[in-house]
Amino acid sequence: MAKARRKRRRAVGPVRRGNPSGGRSQRTLRGREAVTVLGPATETAALRAWAEVDLRAIAHNIREIRARLAPSARVMAVVKADAYGHGVVPVCQAALKAGASAVGVATLGEGVALRLGGIRAPILVLGGLTVGEVADAAAHQLSISITSQEMAQLILERPQRLPTGVHLKVDTGMTRLGVFPREVPVLLDRLVTKGVSVAGCYTQLASADQADHAMTSEQLARFHPVLAVVRARFPRVVVHVANSAGALASPDTHFDMARVGLAMYGLYPSPAMRSLASLRPAMRLYSRVVRTARVGPGTTVSYGAAYRAQTSTTIATIACGYADGYPRLAGETGEVIIRGMRHKVAGRVCMDHLMVDVGDHPVAVGDVVQLFGDAPSADEVAAHAHTISYEVLCGVGLRVPRIYVR
Ligand SMILES: Cc1ncc(COP(=O)(O)O)c(C=O)c1O
């Protein structure tokens, strides 16, 4: 039993010695929120800040999403931006093992990194490429997207240097990337003439996270006629439209495959979608208390001296700043958890530290601090920072080790 538990919690990453915090997790105190450190304490004892990534949550979330799709529909795990900050190769491995069939990245470099990391599943580059990059994509067996007329031209000029799978991205309302519906018939003629086959056809939804389905319906109304034209030429084309929000809330966007990012990481595209699936956040950002200072009323804290203690209190310094991924803007109203209790951030978040006013509560150097995870959630932090959870996840700094729980 003990052996089994050890195995389940085995993590990859830097192995650290010593365990000054004396335990793997702090217990929930009655009425208080837990700081649930899942990874082995020995790995984190010497770390100033770390992000724990629970790969079991990634697998669970993939299964939750798949259960909401038709049995024949597949999942593409969207792992751009280092898997939304979670670490791309371990996330890919977990997602593929749990049933994802393909992987989506934004850039050529991200695709190549996955191949070098041993990922052999189909990889689609969702972003645009330059002429040299198209050849490199072919060399690494990466599928590419036609993201503009200019990119279509590159492909038409050198069709012999193409990767196998070319996906046609149709701009139905994002006005970001893709070709417009009206351009598709002529483009298809030219591709067919050059012997280029279209393996996939897709569009990106702009507002699937909103309760009002009008924009999604509008996009689908533009997409369907294009699809009919593409299917007439390429009957086996793989069609993918849904992102996380579409996968969870709009069955009419499911088609052959859903491209899922946020929900795989355990966050909901909107609070209203919480009832649609039981997702588990995969990332928790932790740090430690590195100093406590008992101060008197009137003492100012951090840059700009914008925070002033009202009474005698304890100010704890946490070794996590905006360079580690705690947004500076969240400092004005944000909260962190220490010993099961929420404490308000005091003063401006610095690059490497933030301070919290813990009042008279016992807090000591070495205490584990949860900056986000189950609580506060990345959504909460995002709300404090006037942004979205995507940006909070992607913002976790490069110098923050990722500790994987399998
Ligand atoms: C083209 C494309 N497809 C799918 C996704 C995944 O979106 P989400 O994270 O909302 O599931 C993204 C992410 O922005 C994207 O750009």
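## Basis

The model is predicted, so local features need pLDDT of at least 70 and side-chain atom pairs count only at pLDDT 80 or more, while totals for chains, interfaces and linings use all residues. Numbering starts from 1 along each chain as its sequence is written.

## Overall fold

The protein contains 13 helices and 18 strands. These are DSSP runs numbered from the N terminus: H or I of at least four residues for helices, E of at least two for strands. The C-alpha trace spans about 80 × 45 × 40 Å along its principal axes.

Of the 406 residues, 47% are buried (20 or more other C-beta atoms within 10 Å of the residue's own, with C-beta atoms placed from the backbone). Among contacts (C-beta atoms, placed from the backbone, within 7 Å) with a separation of 6 or more, 67% join residues 24 or more positions apart.

## Ligand shell

Residues surrounding the ligand include Val78, Leu126, Gln204, Arg259 and Pro269; a residue is near a molecule if its C-beta atom, placed from the backbone, lies within 6 Å of it. The shell has six nonpolar, four polar and one charged residue. Here Ala, Val, Leu, Ile, Met, Phe, Trp, Tyr, Cys and Pro count as nonpolar, Asp, Glu, Lys and Arg as charged, and the others, Gly among them, as polar.

## Glu110

Glu110 lies in helix H6, residues 108-116. Glu110 counts as buried because 22 C-beta neighbours lie inside 10 Å.

Beyond its neighbours within four places in sequence, Glu110 contacts Lys80, Val88 and Val105. Ala81 is 29 residues from Glu110 along the chain, and their C-alpha atoms are 7.8 Å apart.

Note on methods: Buried ≥ 20, exposed ≤ 12 C-beta atoms within 10 Å, placed from the backbone. Contact = placed C-beta atoms within 7 Å.
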